[in-house]
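Here are my notes on this model, point by point. Please keep the structure open while you read.

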Amino acid sequence: MRFSLDDTDGRARAATLELPHGTLTTPVFMPVGTQGTVKAMTTALLEDTGAQIILGNTYHLFLRPGADIIARAGGLHRFSAWQRPILTDSGGYQVYSLAKLRTLNDSGVTFQSHIDGSMVEFTPEKVVAFQELLGVDIMMQLDECPPTTANRDQITAAVQRSLLWAERSREAWQRRESALFGIVQGGLHEDLRAASAAGLIALDLPGYALGGFSVGEDMQHSYPAIAASAALLPPDKPRYLMGIGFPEDIVRAVGFGLDMFDCVLPTRCARNGLCFYSEGRLRIKNACYRDDMRPIDPQCACYACRTVSRAYLRHLFLADEISALVLMTIHNLHYYLELCRCMRAAIMAGRFREFQDSFLASPAGHAHDAAATDNDPGCAQAHKQT
Ligand SMILES: [Zn+2]
């Protein structure tokens, strides 16, 4: 893996990351393909959106279909027919959010599969070995990801255990084509985040991620800790903010100096009939779109916006047609990917601050507020025109 900074503007960075399956330019959004597929998409459709890299998940792929099947296929790229880079999460987060009967100690975590009830053990070494077997471009260390409600003592223990696991992951790491990233934990405690980052940096890993930040209403409280944590990371390595978030969160985080992002929001929201666009967000089932012959976003160049109307998408969605979910997923992913392309262009042109201010002041910069209040600016706009 080779990382080079192409330009900076304030703390915002435009970088290039060369990986075995392709070269990424940052800021980069990574669509989430938990089960080895981005939901409602084929690899060809995904390539058309301009996705540079996708995310897979160790927890899910380990439980189903399992290491033997993917090894037999010759790795995750061959198994899934996606030839561009893949990053896999270690499964630490899923063990805490999905698995039952979890027991945790310094050696690893034992849990009950949510699929067949069998008991499974994850150790740092086993998780590295599985990701190497998948043949991914970037693999994440196993970490302990405590809930946001955890107290300071619990978060301190999670930081120490995650550091210990990072050291063991590094020792177990054999396949150098798969770059190993460490995960900074520490909740909203800046001193714990600093200790976590310092311990990981001493391991001289190829890249670093910030884990354990939630989405939604807590984000306002998370921004200072995200900004402070990003500033602790080495400037010559990629920085990945895990699992975040709404468009405005990503725009703010790029301003803090982060490079890589993933989130289920664009794909999950699309399947629920919610589109992100230049006016914020649009709920396709709303009656105001019944005879609205405009595309989701007249400013968008995606396949859905070039070809079909809001009225048609609403009809498909209400009729439970799968194509509605495909078309809205194409649009939402294109929106996130285009946002990253625009941020990169702004950084290269030395006008990121203007871009950020303008975006955050626009309706598109309040997609979370709009979702929380169920306010549909697209609907109001449609009413105005009729
Ligand atoms: Zn579109």
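1. In which sense do β7 and strand β8 pair, and over how many bridges? The sense is antiparallel, and β7 and β8 (residues 108-112) share 4 bridges. Helices (H or I, at least four residues) and strands (E, at least two) are DSSP runs, numbered from the N terminus. Two strands pair if DSSP finds at least two bridges between them. Within this pair, Thr103 stands opposite Thr110 in β8.

2. Some ground rules. This is a predicted model, with residues numbered from 1 along each chain as its sequence is written. Local features need pLDDT of at least 70 and side-chain atom pairs count only at pLDDT 80 or more, while totals for chains, interfaces and linings use all residues, and side-chain values use heavy atoms, with hydrogens and water left out.

3. Confidence. pLDDT is the predictor's confidence in each residue, from 0 to 100. The protein chain averages 93, and 95% of the residues score at least 70. Residues 380-386 stay under 50. For that stretch the model has 10 contacts beyond four places in sequence (contact means heavy atoms within 4.5 Å). Where pLDDT is low, the predicted coordinates should not be read in detail.

4. The antiparallel sheet. β7 belongs to an open sheet of 3 strands, in the order β7-β8-β9. β7 (100-105) and β9 (119-122) stand at its edges. Each has a single partner strand, so one side of each lacks a neighbour in the sheet. The twist averages 15° from one strand to the next; axes are lines fitted to C-alpha atoms, for helices over the stretch in contact, and angles run from 0 to 180 degrees between N-to-C directions.

5. The parallel sheet. Here 8 strands form an open sheet, ordered β4-β14-β13-β12-β11-β10-β6-β5. The edge strands are β4 (28-30) and β5 (54-57). Neighbouring strands are turned by 25° against each other on average, direction ignored.

6. The β5 end. β5 runs parallel to β6 (residues 86-89), joined by 4 bridges. Asn57 stands opposite Asp89 in β6. Thr88 is also in β6. Is Thr88 buried or exposed? It is buried, at a relative accessible area of 0% (buried means under 20%, exposed over 50%, partly exposed in between; 1.4 Å probe, protein chains only). Its contacts, not counting residues up to four places away in sequence, include Gly56, Asn57, Leu76, Gln131 and Met140.

7. Two further residues. Arg161 lies in helix α7 (residues 152-172). At 18% relative accessibility, Arg161 counts as buried. Leaving aside neighbours within four places in sequence, Arg161 is in contact with Leu104, Asn105, Asp106 and Glu144. Gly243 sits in the loop between β13 (239-241) and α10 (247-255). Gly243 is partly exposed, at 27%.

8. Domains. The assignment gives domain 1 (2-263) and domain 2 (272-385); such bounds come from an automatic or database domain assignment. The C-alpha centres of the two domains lie 28 Å apart. In all, 35 residues of domain 1 are in contact with 31 residues of domain 2. The area buried between them is about 2,500 Å², and carbon and sulfur atoms give 74% of that. Buried area is the accessible area (1.4 Å probe) that two parts lose on being put together, summed over both. Pro247, Glu248 and Val251 supply 23% of the area that domain 1 buries against domain 2, more than any other three residues.
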